[in-house]
Amino acid sequence: MKETVILSSGKYCQLIPVNKSMLPFYYVLAFPITQNQPSKEEVAEMMNIGVEHAKKLAKKVLGDEEAYSLLYSGYSARREKGWHIHIVLLGSRWRKAWLYWVLASKNFLQALGLRKDDAPRYS
């Protein structure tokens with residue numbers, strides 16, 4: 001279920017659980033593309049919100065508020081348009097290894113052109 005968070009600017013972001021994923025306990029904190037790009041202040045606020053939500057979710061789900069990773073990719077390195085942060089609850093070294101394996105596999109497929117990639121190409 002999506003959770004909407006109102007930013008101090010009056011714009012909003014959404015915490016979205018990602019269920020169709022190879023990663024359990026995976027969420028995205030997204031700034032809807034319909035609001036254009038966030039300002040520097042909105043980015044900083046969303047990073048803080050991301051950490052706060054990650055800690056709450058990790059404590060609730062895994063019993064350890066520090067059992068999470070946040071991932072952010074700049075415009076040129078992300079697959080999807082729109083500003084977002086990935087929140088992945090880990091809980092063990094094996095889950096962290098699995099996270100990196102999934103990320104490496106996805107990026108490898110994108111580099112080969114076998115998976116959608118909206119990132120700009122630089123030579």
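Predicted model: local features only at pLDDT ≥ 70, side-chain atom pairs only at ≥ 80, totals over all residues.
Me: What share of the residues in the chain is buried?

Reply: Of the 123 residues in the chain, 33% are buried, where buried stands for a relative accessible area under 20%.

Me: How is a pair of aromatic rings described, and which residues form one here?

Reply: The general idea is that such a pair is described by the distance of the centres and the angle of the planes. The structure holds 1 aromatic pair, formed by Tyr 72 and Trp 83, with 5.1 Å from centre to centre and 35° between the planes, and this pair is tilted. Because Tyr 72 belongs to strand E4 (residues 68–72) and Trp 83 to strand E5 (residues 83–89), the pair ties together parts that are 11 residues apart in sequence.

Me: Are Tyr 72 and Trp 83 buried or exposed?

Reply: Tyr 72 is partly exposed, at a relative accessible area of 39%, whereas Trp 83 has a relative accessibility of 4% and therefore counts as buried.

Me: Which side chains meet in a salt bridge?

Reply: There is 1 salt bridge in the structure, and in it the side chains of Lys 55 and Glu 66 meet, with 2.5 Å from N to O. This pair links distant parts of the chain, since Lys 55 is in helix H1 and Glu 66 is in the loop between H1 and E4, 11 residues apart. Lys 55 counts as partly exposed at 25% relative accessibility, and Glu 66 counts as partly exposed at 48%.

Me: Where is Gln 35, and what does its side chain reach?

Reply: Gln 35 is part of the loop between E3 and H1, and at 12% relative accessibility this residue counts as buried. Its side chain reaches the backbone oxygen of Tyr 12 at 2.8 Å. If you set aside its neighbours within four places in sequence, Gln 35 is in contact with Lys 11 and Tyr 12.

Me: What can I say about Gln 14 and its contacts?

Reply: Gln 14 lies in strand E2 and counts as buried, with a relative accessibility of 17%. Leaving out the neighbours within four places in sequence, you find Gln 14 in contact with several residues, among them Lys 2, Glu 3, Val 28 and Pro 32.

Me: What is the phi value of Phe 25, and what is that of Asn 36?

Reply: Phe 25 has a phi near 55°, which is a positive value in a residue other than glycine, and Asn 36 likewise has a positive phi, near 65°. Phe 25 is placed in the loop between strand E2 (12–17) and strand E3 (26–31), and at 30% relative accessibility Phe 25 counts as partly exposed. Asn 36 is in the loop between E3 and helix H1 (40–62), and a relative accessible area of 57% makes Asn 36 exposed.

Me: Which residues make the nonpolar surface patch?

Reply: Phe 108, Leu 109, Leu 112 and Leu 114 make this patch, which covers about 430 Å². To locate one of these residues, look at the segment after helix H2 (93–111), where Leu 112 is found.

Technical notes. Residues numbered from 1 in each chain as written. Heavy atoms only, no water. Buried < 20%, exposed > 50% of the residue type's maximum accessible area, 1.4 Å probe, protein only. Phe/Tyr/Trp six-rings, centres within 6.5 Å; stacked < 30°, edge-to-face > 60°. Helix = DSSP H or I, 4+ residues; strand = E, 2+ residues; numbered from the N terminus. Patch = residues over 30% accessible without salt bridge, like charges linked within 9 Å, V, L, I, M, F, W, Y side chains within 5 Å. Areas by Shrake-Rupley, 256 points an atom, 1.4 Å probe, with all protein chains shown as cover. Salt bridge = Lys/Arg side-chain N within 4 Å of Asp/Glu carboxyl O. Polar contact = N/O pair within 3.5 Å; in protein donor to acceptor, adjacent residues only side chain to side chain. Contact = heavy atoms within 4.5 Å.
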